[in-house]
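Colleague: I would like to learn how to read aromatic packing in a model. Could you take me through it step by step?

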Amino acid sequence: MWYKFFVFLPHIPTARCVACDRKRADPVFCRPSITVTVTATNFCPPNYTLPGDRGGWCNPPRVHFDMAQPAWEKIGVNCAGIIPAAMYKRVPCVRRGGVRFTINGHDYFNLVLIANVAAAGSIRSMDVKSSGSDNWMPMARNWGAQWHSLAYLTGQNLSFRVTDTDGQTLEFTDVVPKGWKFGQTFASKIQFK
């Protein structure tokens, strides 16, 4: 079972510490002095046929977090369902090991899922370079943490240049070895700080 609550703030983060705001929400529905860290949130598509101020559940400028029942019950009372006011703050993502890259798609559509990203926890831009080129090629965000390129890169060594939303850029040189297959995941030895 999933629960929602809304925060009327302008932008949704990737990693946040979240608590029910007992001053703005009915305190009967809030657990005092308890927080949860949300490390991944889903994308809730807006419904632009409804007004953005108090209309659709996911319309800007609303920010929302969908939470699993165990996390929800740490900050709110089960019968509340929706908490209309919450507090949140950005916290760094803590990860073990290096950044990981999963390669999906097909020959002319390389879809790369980037995972285990520490620090900001979210990516602003990503470029790819193959063993067949000396140039970095920009990738486009496909969905969430998945980025794609429309080039034939199958089986070549791949390097990635990744910039997180805090502006830190790392290069992952030959993180994907020659001869890779779609569906494989490759772990680097470096991580965002």
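Colleague: Are Phe 101 and Phe 160 buried or exposed?

Modeller: A residue counts as buried when its relative accessible area is under 20%. In this predicted model, both Phe 101 and Phe 160 are buried. For Phe 101 the relative accessible area is 0%.

Colleague: How many aromatic pairs does a search of the whole structure find?

Modeller: The search finds five. One of them joins Phe 101 and Phe 160: the ring centres lie 4.7 Å apart with 10 degrees between the planes, and because planes under 30 degrees apart count as stacked, this pair is stacked.

Colleague: Which parts of the chain does that pair link?

Modeller: Distant ones: Phe 101 sits in strand β7 (residues 100-106) and Phe 160 in strand β13 (residues 158-164), 59 residues apart.

Colleague: What kind of pair do Phe 101 and Phe 172 form?

Modeller: Planes over 60 degrees apart count as edge-to-face. Phe 101 and Phe 172 are at 70 degrees, with 5.1 Å from centre to centre, and form an edge-to-face pair. This pair also links distant parts of the chain, since Phe 172 belongs to strand β14 (residues 169-176), 71 residues from Phe 101. Phe 172 has 2% relative accessibility and is therefore buried.

Colleague: Which residues form one aromatic cluster?

Modeller: Phe 101, Phe 160, Phe 172 and Phe 192.

Colleague: Where does pLDDT stay under 50?

Modeller: Where pLDDT is low, the predicted coordinates should not be read in detail. Here that stretch is residues 1-13, for which the model has 66 contacts beyond four places in sequence. The chain has a mean pLDDT of 81, and 79% of its residues reach 70 or more.

Notes: Residues are numbered from 1 along each chain as its sequence is written. This is a predicted model: local features need pLDDT of at least 70, side-chain atom pairs count only at pLDDT 80 or more; totals for chains, interfaces and linings use all residues. Side-chain values use heavy atoms; hydrogens and water are left out. Rings of Phe, Tyr and Trp (its six-membered ring) pair if their centres lie within 6.5 Å; planes under 30 degrees apart count as stacked, over 60 as edge-to-face and the rest as tilted. Helices (H or I, at least four residues) and strands (E, at least two) are DSSP runs, numbered from the N terminus. Buried means under 20% relative accessible area, exposed over 50%, partly exposed in between (1.4 Å probe, protein chains only). pLDDT is the predictor's confidence in each residue, from 0 to 100. Contact means heavy atoms within 4.5 Å.
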